[in-house]
Amino acid sequence: MKNLKARDLVMCSLFVALIIVGTFIRVPIPVLPFTLQLLFTMLAGLLLGPELGATAVLVYIILGLIGLPVFTEGGGFAYVLKPSFGYIIGFAFGAYATGKIANKDKIPDMKRLLKANFVGLAIVYILGMVYYYFISNFYLGSPIGVKAIIIYCFLLAVPGDIVLCFLGAFLGKRLIPVINKAYN
């Protein structure tokens, strides 16, 4: 990672705070409420780049694992045994991938931003669903099949996250030039 400047630390800290706030902003929808964590982890990658974006998410994860109640159901190291923890891990990898794809161009177009967000979303869901399957079946002893995972952990949840991908691309398109200008 490059030499960090004060503004990098400030931006990284800002995104840690935004991810925490996004955890507790629940958007009520008929089937499953969803949070804005994904939006802020995507924006971390888009606006901070792959390394700083992933670092912001990793700091968020570390804060939760050391016991601060920053996850949707609290915090603490035992959270790694919750089936949903895979999605949290996915946020870090997703932010990195989103930042890597989006930042190939200094000012990415909407198509590149959407591609970046959808790749990040796919990473979050793949890691989340695989983790959910293994924790449920092999640790919790609550067997769940692949079909149920796809229905409950993907089909019912993904529509809201697709909207967040578009919102993230829209915000990224407007904010990336501002951030680039501020950094130069």
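Predicted model: local features only at pLDDT ≥ 70, side-chain atom pairs only at ≥ 80, totals over all residues.

**Exercise 1.** Find A102 and decide whether A102 is buried, partly exposed or exposed.

Solution. Start with the cut-offs: buried means under 20% relative accessible area, exposed over 50%, and partly exposed in between (1.4 Å probe, protein chains only). A102 has 0% relative accessibility, so A102 counts as buried. Next, place A102 in the fold: A102 belongs to helix α4, where helices (H or I, at least four residues) and strands (E, at least two) are DSSP runs, numbered from the N terminus.

Residues are numbered from 1 along each chain as its sequence is written, and side-chain values use heavy atoms, with hydrogens and water left out.

**Exercise 2.** How many salt bridges does a search of the whole structure find, and how exposed are the partners?

Solution. A salt bridge is a side-chain nitrogen of Lys or Arg within 4 Å of a carboxyl oxygen of Asp or Glu. The search finds two.

- Step one: D105 pairs with R112, with 2.9 Å between the closest N and O atoms. D105 is partly exposed because its relative accessible area is 32%, and R112 is partly exposed at 22%.
- Step two: K82 meets E73 through their side chains, at 3.1 Å from N to O. Here K82 is partly exposed, with 28% relative accessible area, whereas E73 is exposed at 55%.

**Exercise 3.** Which residues form the positive surface patch?

Solution. Patches are made of residues with over 30% relative accessible area and no salt bridge; like charges are joined within 9 Å, and nonpolar side chains (Val, Leu, Ile, Met, Phe, Trp, Tyr) within 5 Å. Lys and Arg count as positive and Asp and Glu as negative, while His and the chain ends are not counted. The place of a charge is taken as NZ of Lys, CZ of Arg, CG of Asp or CD of Glu. The patch consists of K100, K104, K111 and K115. Now zoom in on K104: its place is the loop between α4 (85-102) and α5 (110-139). K104 has 61% relative accessibility, so K104 counts as exposed.

**Exercise 4.** Which residues make the nonpolar surface patch of about 460 Å²?

Solution. The members are V146, I150, I151, Y152 and L155. Take Y152 as an example: Y152 sits in helix α6 (residues 146-155), and is exposed because its relative accessible area is 53%. Accessible areas come from the Shrake-Rupley method with a 1.4 Å probe; for residues, only the protein chains shown count as cover.

**Exercise 5.** How many aromatic pairs does the structure hold, and how are the rings of Y133 and F134 arranged?

Solution. A pair of aromatic rings is described by the distance of the centres and the angle of the planes. Rings of Phe, Tyr and Trp (its six-membered ring) pair if their centres lie within 6.5 Å; planes under 30 degrees apart count as stacked, over 60 as edge-to-face and the rest as tilted.

- Step one: the structure holds eleven aromatic pairs. Among them, Y133 and F134 are edge-to-face, 5.4 Å centre to centre with 90° between the planes.
- Step two: F134 also pairs with F138, and these rings are stacked, 5.5 Å centre to centre with 25° between the planes. F134 and F138 are four residues apart in helix α5, so about one helical turn separates them.
- Y133 is partly exposed at 27%, F134 is partly exposed at 45%, and F138 is exposed at 60%.
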